[in-house]
Amino acid sequence: MATDATPKFQKPDLLAVPQPPDFHPDIAVLPSHDGLHFWQFMIAGSMAGSVEHMAMFPVDTIKTRMQVLGSCPIKSVGLRQALGSILKTEGPAGLYRGIGAMGLGAGPAHAVYFSVYEFCKEAFSGGNPNNSAAHAAAGVVATVASDAVLTPMDMVKQRLQLSRSPYKGVLDCVKRVVREEGLGAFYASYRTTVLMNAPFTAVHFATYEAAKRGLTEISPESASDERWIVHATAGAAAGALAAAVTTPLDVVKTQLQCQGVCGCDRFINGSIRDVFQTIVKKDGYRGLMRGWMPRMLFHAPAAAICWSTYEAGKSFYQDLNSGRQR
């Protein structure tokens, strides 16, 4: 009687498992959130932040000059007079003093900003893409994280932007601040910055998501063709509204970052209340709105540029990842 030579029991891990024809074991499964990896959100955000701040830097310089008190500021708070004074005394180059510091800080800070926002938005929304509260909360968490990265370079940037700034450049400013004031000076305004940017970001992201959704619903059949216009318009509306609401805290932040430089006031304890009282005493309550116009002129187009660039970066990586799956 012939016997079966095949073993009665075989190890299942040695059996060849049939696979579907489109199976590719060398391709990693993509994350579910927008089909992008964490590092791709970071690169898209970094590009968006760098383009935004570089493009709008002259407007930011005017805003800084208008917000400081003491012997540094231009005496008139008018936007036209401020611009004319800078061009007359320093030329066009005066509008770009400190841009190197922003170049060093904006990219990494916005990489953190957008990547944290995207993942917190997914975690907080509970699968509901129209959850404005989740968008606002995600924005707050993102800004606390990104401000920790940007605040030191933002302080260096604003000191370089001042009229008759005593610093030769970014490196000279960093060295002198460390030697004369200590490392804590780089974060003197961090608390104020977070208190300012938390409501700013909450308003910004909630407005952006709502405006984007509303604009898309107006003409859903052509939404894909007009997506850049939608992102830019929603971003501009969000940036302008958030900037207007938070201008007083931005004035306080500028005061803290520029204190003691070229005649600007130095504050004893650096508290927000102390700065508020000093501003009101010297310039009245209108002093809390110094620079509101250039701030809005900065953030409206800056947000439009930032969101358009960010969404373009996301689309690039989404197309790239889709191509890898085919």
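Modeller: Phenylalanine 41 is buried, at a relative accessible area of 0%, where buried stands for under 20% relative accessible area, exposed for over 50% and partly exposed for what lies in between, with a 1.4 Å probe and protein chains only. The model is a predicted one, in which local features need pLDDT of at least 70 and side-chain atom pairs count only at pLDDT 80 or more, while totals for chains, interfaces and linings use all residues. Residues are numbered from 1 along each chain as its sequence is written, and side-chain values use heavy atoms, with hydrogens and water left out.

The structure holds 6 aromatic pairs, a pair being rings of Phe, Tyr and Trp (its six-membered ring) whose centres lie within 6.5 Å, called stacked if the planes are under 30 degrees apart, edge-to-face if over 60 and tilted for the rest. Because phenylalanine 41 lies in helix α1 (residues 38-55) and phenylalanine 119 in helix α4 (residues 99-125), the pair ties together parts that are 78 residues apart in sequence; helices here are DSSP runs (H or I, at least four residues), numbered from the N terminus. Phenylalanine 119 is partly exposed, with a relative accessible area of 29%.

Phenylalanine 316 and tyrosine 317 also form an edge-to-face pair, with 5.2 Å centre to centre and 70° between the planes. Phenylalanine 316 counts as exposed at 51% relative accessibility, whereas tyrosine 317 is buried at 9%.

Note on methods: Helices (H or I, at least four residues) and strands (E, at least two) are DSSP runs, numbered from the N terminus.
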